[in-house]
Amino acid sequence: MLITLANKPFLRFERTKQDLSSDLRVLLCSLHTVRCQLVCLVSSLAPSLFGNFALARMQRQEAAVEDVVVVGAGLATALGLYRKGVRSLVLESSPSLRTEGFAFTAWKNAFRALDALGVGDKIREQHLQVQALRVISSATGEVAQELDVTVQGNRSGPNEIRCVRRDSLLQALEEELPRGTIRYSTKIVSMEEDGDIKILHLADGSILRAKVLIGCDGINSVVAKWLGLAEPSYSGRMAARGLAHFPDGHGMEPNFLQFIGRGFRSGMRSCNNTDVYWFFTWAPSESDKGVVESGAKLKQFVLTNLAALKVPPKVLSVIERSEASDVFAVPLRFRPPLSLVTASISKGGVCVAGDALHPMTPELGQGGCAALEDSVVLARCLGEGARGGGTESRRIEEGLQEYARIRRWRSVELVATAYVVGFIQQSNNAVVGFFRDKFLSGFLARRLLKMADYDCGTLWSC
């Protein structure tokens, strides 16, 4: 009995050891299984945990390096570089060439640049030469100043002014460029540097690498922001613009008409025998809310304001003729001219041109002209720099520094003069209006011609 009782604990202990051994084996097997599952899990997660970094690095290494990338509709810049033997890639965010603004005034300086690019005569064939500049007081209806713009300028050659359709200009430039130069529907969202190479991150997630990056991406330029240029300032004014079509001919004289005073500035000019471009700038008030919601409302707003003043019926009929789809408005902004005195127009292999550099109010009609000047000077400086001595990156940097030196003070002068002229022309102040109509109109008109009498040089020499 005792033995039986004594053996019972022993038997129970033996069974417990066996149970523990079995449990231990099960546990070890379970741990091994978990380990295998963890290995598989880490392996499956590795691409998402570390792949972004590795993929980005791989993309940077595998992406081809472009010599020059032009961001925005910088076709004139691309053509200038092509004439100098430098291939470039133009990144255009739109699915096709943009033609906002309908038309722009191409003064003498613009045609010097277009001639340097080899497309001047093609543009002349499609657009009328303006014969006279006529400034009219909207308060009295009298001609405050009239200038014959075909007479000889201070520099060689006669004055030349034409109202150029933007689509005609862009088409002429595109036709001269090699196929594949423009990549449409491509938008840059950010950029960084990798040594001397610029890494461009695009909206579709792809990456481009470039030795030179030129920002021609307008007033909201990504490149200008990266360079640290001052944000454009709002002038407190809006501009309505429109285009009127006359299939059978408009019958108007090829003159530049401009109406000033009473708090607004308006004008029109013929592009050719069938198209007339017009504009109207004003300082919006609370009562003007909603006028820019549609082309129809904006068109009626312009007609109502002009009809209350001494504006010829022929001018009103041109605006009446415009389709609502051919009328739009934009706020007028400019880059503070003093900020351009010390601004980094270029840095390493990066620079800006056109509205990305010098957005200005439209009183001088020099925005598009100055952009064409930029194109010629930039192509010349960059092209000549490529043939110099030293390392490639150093030659690029020196070429862009020379471009910035040439264009800095020209940009400051244009932006500042345009703002001052706009203030005087559009002022509703009685004293300012009196001096403007009696004494300043002639000076301001001649100032327009003087600012246009500028020679940017050719692609080969200043």
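Where is S185 found? The points below take this up along with other features of the model.

1. Basis. This is a predicted model, in which local features need pLDDT of at least 70, side-chain atom pairs count only at pLDDT 80 or more, and totals for chains, interfaces and linings use all residues. Residues are numbered from 1 along each chain as its sequence is written, and side-chain values use heavy atoms, with hydrogens and water left out.

2. S185. This residue is found in the loop between β7 (182–183) and β8 (188–194). Helices (H or I, at least four residues) and strands (E, at least two) are DSSP runs, numbered from the N terminus. S185 has a positive phi of about 55° although it is not a glycine. Most residues other than glycine have a negative phi. S185 is exposed, at a relative accessible area of 51%. Buried means under 20% relative accessible area, exposed over 50%, and partly exposed in between (1.4 Å probe, protein chains only).

3. Confidence. The mean pLDDT of the protein is 84, and 81% of its residues reach 70 or more; pLDDT is the predictor's confidence in each residue, from 0 to 100. Over residues 1–29 the pLDDT is below 50, and this stretch has zero contacts in the model beyond near neighbours in sequence. A contact means heavy atoms within 4.5 Å. Residues 38–61 also stay under 50 in pLDDT, and for them the model has eleven contacts beyond four places in sequence.

4. Overall make-up. The protein has twelve helices and 17 strands. Of its 462 residues, 49% are buried. Among contacts between residues at least 6 apart in sequence, 74% join residues at least 24 apart.

5. Cysteines. The structure holds zero disulfides, a disulfide being a pair of cysteine sulfur atoms within 2.5 Å. For C216, the nearest cysteine sulfur is that of C351, 7.5 Å away. C216 is buried, with a relative accessible area of 16%. C271 is in no disulfide either, and the nearest cysteine sulfur, that of C163, is 3.5 Å away. C271 is buried, with a relative accessible area of 0%.

6. Helices α7 and α8. Helix α7 (residues 295–307) packs with helix α8 (residues 313–321) at an angle of about 175°, their axes being 10 Å apart. Axes are lines fitted to C-alpha atoms, for helices over the stretch in contact, and angles run from 0 to 180 degrees between N-to-C directions. The angle makes α7 roughly antiparallel to α8, a term for angles over 145 degrees. On α7 the contact is made by K299, V302, L303, L306 and A307, and on α8 by L316, I319 and E320.

7. Helix α5. The buried residues of α5 (residues 166–176) are S168, L169, L170, A172 and L173. Their cover includes α2 (75–83), β3 (103–106), α3 (108–117), α4 (120–126) and β6 (162–165). A172 is buried, with a relative accessible area of 1%. Not counting residues up to four places away in sequence, A172 touches V119, K122 and I123. A172 and G120 are 52 residues apart in sequence and 9.5 Å apart in space, C-alpha to C-alpha.

8. H250. This residue has its place in the loop between β11 (233–245) and β12 (255–261). H250 is buried, with a relative accessible area of 7%. Leaving aside neighbours within four places in sequence, H250 is in contact with S270, N272, N273, T274, D275, V276 and K314.

Methods:
Angles under 35 degrees count as roughly parallel, over 145 as roughly antiparallel, 65 to 115 as roughly perpendicular and the rest as oblique.
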